[in-house]
Amino acid sequence: MASIIQHPPAMSRPANGETLQERSKGRDVRTSNIVAAKAVASAIRTSLGPRGMDKLMQLPSGEVLISNDGATILSRMNVLHPAAKMLVECSVSQDIEAGDGTTSVVVLAGALLDACSGLLAKGIHPAAIASSFYNAAEACTTVLTSRALPVDMNDRESLINAVRTCLSSKVVSQDSDLLAPLAVDSVLGILGPNPGSATNVDLRDIRMVEQLGGTVDDTELVHGLVFDKGSTKTAGGPGKIDNAKIALLQGGGGVGGGIEMENASPRERRNLTTHFNNLTDTLNAHSRFCLSAPKTDMDNSVVVSDYAAMDRILRDERKYILNMCKKIKKCGANVVLIQKSILRDAYNELSLHFLAKMGILVVTDVERTDVEFVCRTLGCTPVPHVDSLSPEKLGSADHVGDVVLPGSGHKVVKFVGVANPGRTMTVLLRGSNDLVLAEANRSIHDAQCVVRSLVKERHLIAGGGAAETEASLRLRELSMETTGMDSHCFRAYADALEVIPYTLAENAGLKPIEIVTELRKAHAEGNVGAGIDVKDGCISDMYAKNVIQPLLVTTSAIKLATETVCMILKVDDLVVVA
Amino acid sequence: MSAPNPASTGLFINGQRETGQDVRVGNVTAALAVANIVKTSLGPVGLDKMLVDDIGDVLITNDGATILKSLEVEHPAARVLVDLAKLQDQEVGDGTTSVVIIASELLRRGNDLVKNGIHPTTIISGYRMALKAAVSYIKKEMVVNVSELGDDHLINAAKTSMSSKIIGKETDFFSRLAVDAVKSVKMNATAADVAGYDAMGSGGGGGAERLAESASATAAGGTTAGGTKQRYKYPLSAIHILKAHGKSSMESNLIDGGFAINAMRAAQGMPTFVEMSMDGTPVKIAMLDMNLQRHRMGMGVQVIVKDPAEIENIKRREMDITKERIRKIIDAGARVVLTTKGVDDLCMKYFVEAGIICARRCNREDLKRLAKATGGRVVTTMADMEGNETFDAECLGGCDSVREVRIGDGEMLYVYGCRGHGASTIVLRGANEYMLDEMDRALHDSLCVVKRMLESNTLVPGGGAAEAALSVYLDDYATTIETREQMVIQEYADALLVIPKTLAVNAAKDASELVARLRSVHAKGQHSEDMVDYGLKFMGLDLIEGTIRDNLAAGVVEPAISKIKSLRFATEAAITILRIDDRISLNK
């Protein structure tokens, strides 16, 4: 083993178990995998860090995407090579796990692969490299954990700083003064009254509503609910309601309707033809809550045999709808949300007219997928049938009203002062064009993920390449203390970790070699917070500059990158099954 | 850098990839190509473009946003500029050409800097610094507060805006028209509007000043910090522009407090004119969004009759249902009935007998506006709270008189003396369709400008004055910066001169000399302590005479807000494009 370290360009391979005698095919496959994966890493290298550049992507559909987010770029890039795909997957899992650091994880994996190709060239067995890399990753995590500062979820200031670090590389970075507190508040808002005890948080409880127009700094956080369109005012009707009582009507769910219809015997059908007054009730039993005239099923029809019946149908239709509206009014609701229906009209002009006359604000076409969120926010229960409508099923809000958005003139309905705050949040995003809007959405999501990482793992670590440099330095020290394959691979791993500060410096237009060596020196002198200050182009203390990030982001990046690299290493054959 | 060959990048994707300088050059070239198209249409002596599309439709225009919109640009970077023009059009309404020209000039200079070895990120931060300095300079030095805005200023601003357009020859006439039209729709602003306006007025950072374009959300008033003062808003959507082919453009007119709707009487027997009775009861107008055709039963209702005689009954009943509805409308006092849907010829006779003007297939949006203007409501159904059908007389709008007027080839219904909120209609006349369309666009720009002026009460001199002043100021500012951004800010300062340069070139004047003179005057004004030189910062180009003059005195002015916004938008767009260093196009 020692001989390897002493003679690095090992042409003479000692024949013990830790060196590799392999078929040429295995080597070719591995090389091609490494090349392909490295290509992916080098493709998004320039997006790393606050001074990273953007990618412009033209999707097959003609859609244009400008982004700086590693996971977004890679997942849309549609890479063909299987090994490259693994890197893409790795970025996606970092997105799921930590939400941020999706570019770093790929860049790191690329650097590790580079290190591997050097090690492989020396004839070290891939499995040995893999196991050493696992150990190295473990060691890094330990080092980083010991360096990290614990954070209290009530310490809003540090949370905001962490989020600001994340946002600094995004297109919307100039708005981070607004967006960072917004992202923090939105996540803290759904943590409940005791943020200290939460261990995870579901970001789906934060609803992002995109509205074109205005600019990103018009984005606002709403403690309540915003629908992406205005209230329905075809028939006039109020535009705002104070002390709102909200009913959510579930129209046309369609579940179970079919079976009941089959039960309608021929006799029952005959009944339909004669008893108009019963018609509405009978039919209604089969359908969900729809504020529109009842419709017969395909098999059934209402038969009119004299002209007086026509009047009756018309009047019954009006009466039927009026009755439903009256029941809604009677139970105290003054705002009605109607779920989108595909089977039947969830509402018609007549019902809107009645509701308008009763002074009830109507929001139509609520998406089925939004129903749960709406219920959680407003504290209401969806009402599937008019008879099951009761006051306790209503949600409430202090104020519900149409708001005209500056910049576009578009209207949205806003619900503020909801009954049980602390369970859901809404972010109303604005942007001057679709590209900016979509990128702002991704950036805020990343920012929220940062807060979520802190909820999961309450430690902060210095950013700006400080964490990676520290880990690299300690790993190098460790390599001095160990012997064997571990020692050799640790050193390669430590060198690979420096790719992060190197790339940061390069993207910022600084001199990478100078900066990285300076950084190394600072850390060797015990300055654990030293990192690259991209703004001033020098080395400074990242804790003092408030460039901090969640520990989870860095450790998860190291773990994921290592595992992906090890997996790629272990592949020695590529079989294409047609 | 890598060639756009997938093999050489080593990236196995199904598509092409370009990186680094190649992309930047490609993007900048595309953006410049777009800007070059609109360049010659800038300014009072700018020329028009004729665009012919694949089915042979012709569009003649001078409006940057309209030209770019019709171009169907495919290059993504160029599309950013097209979007930029669109945004400027939505948010400001005017200055769409200049915003594109400034953005492309910033890009060109940015690209040159990159070639000289300056890192793009430095350029981006330099541009941001320059923008910040420029905006604060405009706010501090260039803005002229016009506390009680006289008509003169409004008319001047409207004139400046339309001077480059097809109606530039008749600016006196059209600027008056625009000002009168905007003033006629004056409304009291609500508290929410005022809040929106305050956000705009105080907007120091990041583009906080924005105004609602179309409808309402913007308030007006002085920039005075009182807030208690009654402010007004001017919803441009209340101004209805109708285009009628024929006669000269000078025959265009404004119907103050009136509304014209592009519809004609449904039957010849109806009167062409109704007016209020002697006792002052207004003419009642019913606006319907429902069908007045023979009533048909809905889906799922079958008519099966055993007795053939019943057929007649059912048919008659179908008619009668509609007839009863019409009777109720007439009984409610309506003398004009407008519907968005159809009216059966049979039903027409009830209207004819009652001497009512009825028009069918009206535009729904028009009816909504008319409802607002006359204080009525659009009626969608006649059902009442008892489940019966009645027509609520409160839904009727009121006006002094309604007349069918024959204009050009078609007829229009003129509604005079509307009783509701302000509304007015401009009827444009012109020799041909292209001209009418272009007049409409030009007038829209001017209306936006007047609205901005009334709402923000501040103006800056036009004709390249603001740009020249900024350029001189930024040059000085750059020398106070000790970092790499200095060079970038200087380039930004030079880039702004593209506006006076292009103006002069389009006017066939000696651009280099004129701009040099302009700059020297501004430099003198800014560096002098003497109060005599104070007015020098308002010096701009006189493109007719080919000299420089005080453009504030000459009445070449534009709203301050539009200048600030166009700078901001242009810089943002340039930065968006400069940030891109990789282009990946995926194959299908």
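## Contacts of A:Q94 and the setting of chain A

A:Q94 touches A:G99, A:D100, A:G101, A:T102, A:V105, A:V553, A:S556, A:A557 and A:L560, with residues up to four places away in sequence left out; a contact means heavy atoms within 4.5 Å. The model is a predicted one, in which local features need pLDDT of at least 70, side-chain atom pairs count only at pLDDT 80 or more, and totals for chains, interfaces and linings use all residues. Residues are numbered from 1 along each chain as its sequence is written, and side-chain values use heavy atoms, without hydrogens and water.

A:Q94 belongs to helix α4 (residues 82-97) of chain A; helices are DSSP runs of H or I with at least four residues, and strands are runs of E with at least two. Its relative accessibility is 0%, so A:Q94 counts as buried (under 20% relative accessible area, 1.4 Å probe, protein chains only). A polar atom of the A:Q94 side chain lies 3.3 Å from the backbone nitrogen of A:A557.

Helix α5 (residues 102-121) of chain A has 16 of its 20 residues buried, so the rest of the structure largely encloses it. The end C-alpha atoms of α5 are 29 Å apart, which agrees with the 28 Å that its 20 residues should span at 1.5 Å a residue, the expected span being 1.5 Å times one less than the number of residues. After α5(A) comes A:G123, with a positive phi near 90°.

| Property of chain A | Value |
|---|---|
| Helices | 20 helices |
| Strands | 18 strands |
| Buried residues | 58% of 578 residues |

Of the contacts in chain A with a separation of 6 or more, 77% join residues 24 or more positions apart.

Note on methods: Chains are lettered from A and ligands numbered from 1 in the order in which they are written. Buried means under 20% relative accessible area, exposed over 50%, partly exposed in between (1.4 Å probe, protein chains only). A polar contact is a pair of N or O atoms within 3.5 Å; within protein, one must be able to donate a hydrogen and the other to accept it, and residues adjacent in sequence count only if both atoms are side-chain atoms.
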